[in-house]
Amino acid sequence: MHDIRAIRDNPAAFVSGWSSRGVEDAAGLVERILALDTALRTAQTAEQTALARRNESSKLIGAAMAKKDMAEAERLKAEVESLKGEIAAAGEDSTRIAKDLRDLLAAQKSLAADDVPEGEDEAGNVLWGQPWGRPREGRPAKDHADLGEAMGLLDFEAAARMSGSRFAVLKGGLARLERAIGQFMLDVQTAEHGYLEVNPPYLVKDDAMFGTGQLPKFLDDQFRAGDDHWLIPTAEVSLTNLVREQILPESELATPMRLTALTPCFRAEAGSAGRDTRGLIRQHQFHKVEMVSICKPEDSEAEHERMVRCAEAVLEKLNLPYRRMLLCKGDMGFSARKTFDLEVWLPSQGMYREISSCSNCGDFQARRMDARFKRDGEKKTEFVHTLNGSGLAVGRTLVAVMENYQESDGRIAVPSVLLPYMGGITHVGA
């Protein structure tokens with residue numbers, strides 16, 4: 001959500017900012033916003049003026065009756081009745097215009113940070129630093145789907161019969177390996193990086209989805225559950241909304257509030273037709289370890305870098321080659337002001353693929369959730385900053401482990417850091 005006062009005070013910044021994020025006719029958009037803002041203030045002023053006149057006339061009725069000036073009293077009563085109509089009409093105008101303004105603002109992307117590169121799509125993303133690790137070379141690499149099916153531990157046909165496309169059934173050692181990966185990630189983020197483990201709801205209401213930016217713009221990418229709830233597309237929704245409609249004391253943010261959860265995630269993927277239709281890369285249901293930070297504005301940039309390092313640490317412990325990319329303005333998510341993606345090396349594709357996305361959302365989500373904090377000794381409140389990132393996507397990490405640890409005999413070696421979670425199993429497969 002955006003501060004209408006900021007748009008009013010510096011409309012050119014929003015024209016430029018939205019234009020750079022791919023909004024067509026950003027100047028016209030800002031004009032519509034400011035026109036609604038003017039109309040709203042006019043309607044509010046008319047309502048307040050009519051209320052003041054009604055209150056004054058109501059007081060004068062008593063004075064007129066005390067003087068036994070019944071004609072004046074009747075005139076004032078008629079005026080009060082007329083003003084009631086004006087007040088109601090102005091109130092209806094205020095409500096309607098306020099909703100139109102809120103809906104228009106709610107549909108607009110966050111503005112990018114100053115150091116985010118220009119660009120329209122992923123081609124404009126920038127490599128940050130040097131890739132980590134050495135990609136597997138010199139040996140043919142099978143696709144993870146072929147590996148899993150050959151072992152009889154990955155079944156897409158059975159999943160399709162019961163659930164349709166973009167679902168999978170994992171069995172035996174492969175199911176255990178996926179479970180081990182999730183447990184390992186959660187342990188790293190809690191024991192080593194200081195995140196508080198949370199077991200949040202998987203079903204949330206409209207307001208929660210609105211707060212983190214999934215609604216209303218991305219309604220078609222979500223799964224509805226009954227009339228009142230949505231299945232979470234990521235634990236970001238549940239974790240971030242823990243502070244919705246709260247005013248935190250500064251002491252609670254002396255260090256950033258760091259939360260993590262391992263949850264199933266559900267995405268309709270309506271906007272990704274035809275992409276990664278085979279395998280585990282893009283599923284309707286998957287598991288992910290999510291990291292969320294809530295902090296003061298001055299801490300969010302450093303917290304962003306720390307969060308990315310927490311995700312990178314998992315890849316490094318698993319010895320999976322990866323690179324960090326700074327996303328350009330055109331490729332960032334709706335709520336983000338700055339995003340780093342981590343991309344892991346997939347030998348079968350001979351390329352890096354996204355496995356984590358870590359975003360600093362500034363106060364964008366906080367405004368939608370009305371999440372604030374109060375500094376010690378201050379009366380006014382400020383919006384918190386929110387950050388979120390994958391630490392990591394479990395299914396995609398399983399894909400990377402399968403492909404990078406495959407052996408010539410068709411088995412998958414278990415990474416050393418996962419051995420304590422595998423009950424003595426060192427290899428998965430034949």
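**A walk through the predicted model**

D155 caps the N-terminal end of helix α6, with a side-chain oxygen 3.1 Å from the backbone nitrogen of E157; a polar contact is a pair of N or O atoms within 3.5 Å, where within protein one must be able to donate a hydrogen and the other to accept it, and residues adjacent in sequence count only if both atoms are side-chain atoms. This is a predicted model, in which local features need pLDDT of at least 70 and side-chain atom pairs count only at pLDDT 80 or more, while totals for chains, interfaces and linings use all residues. Residues are numbered from 1 along each chain as its sequence is written, and side-chain values use heavy atoms, with hydrogens and water left out.

Helices (H or I, at least four residues) and strands (E, at least two) are DSSP runs, numbered from the N terminus. Helix α6 covers residues 156–163, and F156, A158 and A159 in it are buried. Seen down the axis of α6, the buried residues fall within an arc of 160 degrees, so they line one face of the helix; the arc is that of the directions from the helix axis to the C-beta atoms. Buried means under 20% relative accessible area, exposed over 50%, and partly exposed in between, with a 1.4 Å probe and protein chains only. The exposed residues E157 and R161 sit on the face of α6 turned away from its buried side. The buried residues of α6 pack against α5 (144–151), β2 (154–155) and β3 (169–170), where contact means heavy atoms within 4.5 Å. After α6 comes G164, whose phi is positive, near 95 degrees.

Next come the nonpolar cores. A nonpolar core is a set of buried Ala, Val, Leu, Ile, Met, Phe, Trp, Tyr and Cys residues joined through side-chain atoms within 4.5 Å. The largest one has 52 residues, of which L174, L177 and V428 touch the most other members. Helix α7 (residues 172–192) gives the largest share of this core, eight residues. A second, separate core of 18 residues includes I7, F14, L101 and L104. L101 is also touched by D37, as are I4 and R8, not counting residues up to four places away in sequence. D37 lies in helix α3 (residues 26–66) and counts as buried, at 3% relative accessibility.

Two open sheets can be followed next. Two strands pair if DSSP finds at least two bridges between them.

Strand β14 (residues 372–374) pairs with β15 in the antiparallel sense over three bridges, and F373 stands opposite E382 in β15.

F373 is also among the residues that L253 touches, together with L248, I294, C295, K296, D299 and V384, not counting residues up to four places away in sequence. L253 is placed in the loop between β8 and β9 (257–266) and is buried, with a relative accessible area of 0%. K296 is 43 residues from L253 along the chain, and their C-alpha atoms are separated by 6.6 Å.
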